[in-house]
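Grab a pencil and work through these exercises one at a time. Try each task before you read its solution.

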There are 2 protein chains.
Amino acid sequence: MEDELSKTFAALADPTRRAMLARLSKGEASVTELAKPFLKDMSLPAVTKHLKVLEKAGLITKTRDAQWRPCRLNGERLKDVSDWMEQYRVFWEESLDRLEAYLKTVTSNQKAKGKNHGKK
Amino acid sequence: MEDELSKTFAALADPTRRAMLARLSKGEASVTELAKPFLKDMSLPAVTKHLKVLEKAGLITKTRDAQWRPCRLNGERLKDVSDWMEQYRVFWEESLDRLEAYLKTVTSNQKAKGKNHGKK
DNA sequence: CCTATATTTAACTTGATAGTTAATTAACCG
DNA sequence: CGGTTAATTAACTATCAAGTTAAATATAGG
């Protein structure tokens, strides 16, 4: 998984990590703080790993404060996702009727070109 | 990976699958048609698997037309992603200065409560 | 019926993810 | 220094994801 966008999507594909981001949207937090809601379900090293995934995806940044590692949300990477999403906005924002109509024009154009299912 | 949102994000975490969605945003296409740009890099069964991932994530729907399986984009699932993203919009849309200021108020509030790093 | 085309399924390999426990590093503080 | 707290690293296991080749299924059409 080389590209940044894939790494970001992969990082978001886990409810634990998304919950961590939600917590961080309230302000920065240390690892222990972030871990607290999950320690019934997993160990601290598991939390460290999740944070490392988020960090490598550029979704958070970790700093240092004595023995603590305050984490904060990095919004820019989420903007990349948002930008990617934009091209599809029409597919949910238009009324379903208008979308259907739009798709009909596209596909009927293709049929006009021969309904050849991709054959040369 | 139980929840729908995780499944959707995971499906999006692959450039091949995102390219397939991009193609489908131009109109419906058969499996062979969708596969064409990738057959230098992977086999047809691999394509079938990618499509299955997209389908299970609810991002596309497959229908039947003789021996063809026309696929089309399903925008609703992308809306779920977009809705989830909304809560973070402030983290990239505000000017960086204003975001910094916002975070300062949040964290200074925490410090006022004792800078206790999550201790009870 | 036979064959070509479209697509999927089966069985398998490989590498990545997500978790574990135990040990280690780092910094504070009495 | 020695103990305590915070966090990471190491080593390992199990499950999942992505790809392969070969075989199977489904439909059209002469």
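Two residues are in contact if their C-beta atoms, placed from the backbone, lie within 7 Å. Keep in mind that you're looking at a predicted model.

**Exercise 1: a leucine in chain B**

Task: Find the helix that holds B:Leu21, decide whether B:Leu21 is buried or exposed, and list its contacts beyond four places in sequence.

Solution: 
- Start with the location: B:Leu21 sits in helix H2 of chain B, which covers residues 15–24.
- Next, the cut-off: a residue is buried if 20 or more other C-beta atoms lie within 10 Å of its own.
- Now apply it: B:Leu21 has 21 C-beta neighbours inside 10 Å, so B:Leu21 counts as buried.
- Then the contacts: once you skip neighbours within four places in sequence, B:Leu21 touches B:Leu59 and B:Leu73 by the contact rule.

**Exercise 2: the layout of chain A**

Task: Work out how many helices and strands chain A has, and in which pattern they follow each other along the sequence.

Solution: 
- Count first: chain A has 7 helices and 2 strands.
- Check burial: of the 120 residues in chain A, 23% are buried.
- Look at the contacts: among those in chain A with a separation of 6 or more, 52% link residues 24 or more positions apart.

**Exercise 3: around DNA strand D**

Task: Say which residues come nearest to DNA strand D, and which helix gives the most to the surface near it.

Solution: 
- There are 25 residues around DNA strand D, and the nearest are A:Ser30, A:Thr32, A:Pro45, B:Ser43 and B:Ala46.
- Three helices each supply at least two residues to this surface: H3 (31–35) and H4 (44–56) of chain A, plus H4 (44–56) of chain B.
- H4(B) gives the most, with 5 residues.
- Sorted by class, the surface has 11 nonpolar, 9 polar and 5 charged residues.

**Exercise 4: around DNA strand C**

Solution: 
- Of the 26 residues around DNA strand C, A:Ser43, A:Ala46, B:Ser30, B:Thr32 and B:Pro45 come nearest.
- At least two residues each come from H4 of chain A, and from H3 (31–35) and H4 of chain B.
- H4(A) gives the most here, with 5 residues.
- The class tally is 12 nonpolar, 9 polar and 5 charged residues.

Note on methods
Residues are numbered from 1 along each chain as its sequence is written. Chains are lettered from A and ligands numbered from 1 in the order in which they are written. This is a predicted model: local features need pLDDT of at least 70, side-chain atom pairs count only at pLDDT 80 or more; totals for chains, interfaces and linings use all residues. A residue is near a molecule or strand if its C-beta atom, placed from the backbone, lies within 6 Å of it. Helices (H or I, at least four residues) and strands (E, at least two) are DSSP runs, numbered from the N terminus. Ala, Val, Leu, Ile, Met, Phe, Trp, Tyr, Cys and Pro count as nonpolar, Asp, Glu, Lys and Arg as charged, and the others, Gly among them, as polar. A residue is buried if 20 or more other C-beta atoms lie within 10 Å of its own, exposed if 12 or fewer, and partly exposed in between; C-beta atoms are placed from the backbone.
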